[in-house]
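Please turn to the sequence and the structure on the screen.

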Amino acid sequence: MTSIFDEPTAQPPEKPPHLSEKSSENNHAEGSIPQVIAPDVGVVGVVGVERTDRRLRDTAQQLLNTGLLEQTLKPNVYRVAVVNLEAINAILEPLDLQAQVDDIRGLVFLKVVAAEKTEEQDDWSHPLVRKQRLTLEQSLLVAILRQYFVNYEQDSGVGAADAVVAIDELVPQLQLYLGDSGSESKERNRMITLLDQLKGHGLVTAPDSHDRVTIRPVIAHLANPENLQALLNGLREQADGQPDDSAREE
């Protein structure tokens, strides 16, 4: 739909009869800029200023809104982003953001451009991006799901879609690290809750009618070696903080 900002429709006011052509020429000579008032919104726009192409604006806005474009879900927008990646990044550059492409898996995703750290700043921060830290249980499940995804790509080829895993298959995998509470229903409910939380991060889909979830390909980038190493360090710290069972038995 055409925007009122793309094609201003307001007509310039008629020149009062008492103003001569000479007066009008003097006004322009003094450097006045012709302006138009967008109807109903009162926004002033400078006439003659060329705006960024509508498709590029829409694509950049969707990236800012979701942080991710998937070819299988939005093929047209994905294509615009890939073909015009340089122009998209020119729009995002003042925001310290960058769009990156994984053309094998059909992904375009946003990354924060790392700024130089100051003495008062231990880690990156961004006014438009809220850092969300995963809990230990969530991180463990992400690592487990990533392993399923990697195995699926090894069998079906990198970029293959529909990496599906059953909820009941994931429960014992998580128990290996967190232990068994002794209640099957409790363990299953914990898994469903964790999967729902990861769905909010765009890592899995909602369970289907067979209680299976599809692992989304962006997990290959979110669960990268750096993040997995941080998870391993966290597990080691937790293990070091627990009392030794043999010493407790004595």
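I shall begin with Leu141. Setting aside residues within four places in sequence, Leu141 is in contact with Leu170, Leu174, Met191, Leu194, Leu195 and Leu198. Please note that this is a predicted model.

Leu141 is among the residues with the most contacts inside the largest nonpolar core, together with Leu145, Leu170, Met191, Leu195 and Ile219. That core has 27 residues. At least two of its residues come from each of β5 (107-112), α5, β6 (163-166), α6, α7, β7 and α8 (219-222). Which element gives the most to this core? It is α5, with six residues. Apart from this core lies another, of 13 residues, including Leu63, Val77, Leu92 and Ala99. As a general remark, nonpolar side chains in soluble globular proteins tend to be buried together.

I turn now to helix α7, which spans residues 184-200. The helix has 17 residues and reaches 25 Å from its first C-alpha to its last, close to the 24 Å expected at 1.5 Å a residue. Which residues of α7 are buried? They are Glu187, Met191, Leu194, Leu195 and Leu198. These residues cover an arc of only 100° around the axis, and therefore they lie on the same side of α7. In general, an α-helix has 3.6 residues a turn, so residues three or four places apart point the same way.

What covers the buried residues of α7? The cover includes α5 (136-156), α6 (167-178) and β7 (212-215). On the face turned away from the buried side, α7 carries the exposed residues Lys186 and Gly200. Just after the helix, Gly202 takes a positive phi of about 80°.

Gln138 is found in helix α5. Is Gln138 buried or exposed? Gln138 counts as buried because its relative accessibility is 9%, under the 20% cut-off. Its side chain makes a polar contact of 2.6 Å with the side chain of Gln197. Beyond its neighbours within four places in sequence, Gln138 is in contact with Arg133, Leu194, Gln197 and Leu198.

Finally, I draw your attention to Gly159, in the loop between α5 and β6. Gly159 is partly exposed, with a relative accessible area of 31%. Not counting residues up to four places away in sequence, Gly159 touches Ile104, Arg105 and Glu153. Gly159 and Gly106 are 53 residues apart in sequence, and their C-alpha atoms are 7.4 Å apart in space.

Definitions and conventions. Residues are numbered from 1 along each chain as its sequence is written. This is a predicted model: local features need pLDDT of at least 70, side-chain atom pairs count only at pLDDT 80 or more; totals for chains, interfaces and linings use all residues. Side-chain values use heavy atoms; hydrogens and water are left out. Helices (H or I, at least four residues) and strands (E, at least two) are DSSP runs, numbered from the N terminus. The expected span of a helix is 1.5 Å times one less than its number of residues. Buried means under 20% relative accessible area, exposed over 50%, partly exposed in between (1.4 Å probe, protein chains only). The arc is that of the directions from the helix axis to the C-beta atoms. Contact means heavy atoms within 4.5 Å. A polar contact is a pair of N or O atoms within 3.5 Å; within protein, one must be able to donate a hydrogen and the other to accept it, and residues adjacent in sequence count only if both atoms are side-chain atoms. A nonpolar core is a set of buried Ala, Val, Leu, Ile, Met, Phe, Trp, Tyr and Cys residues joined through side-chain atoms within 4.5 Å.
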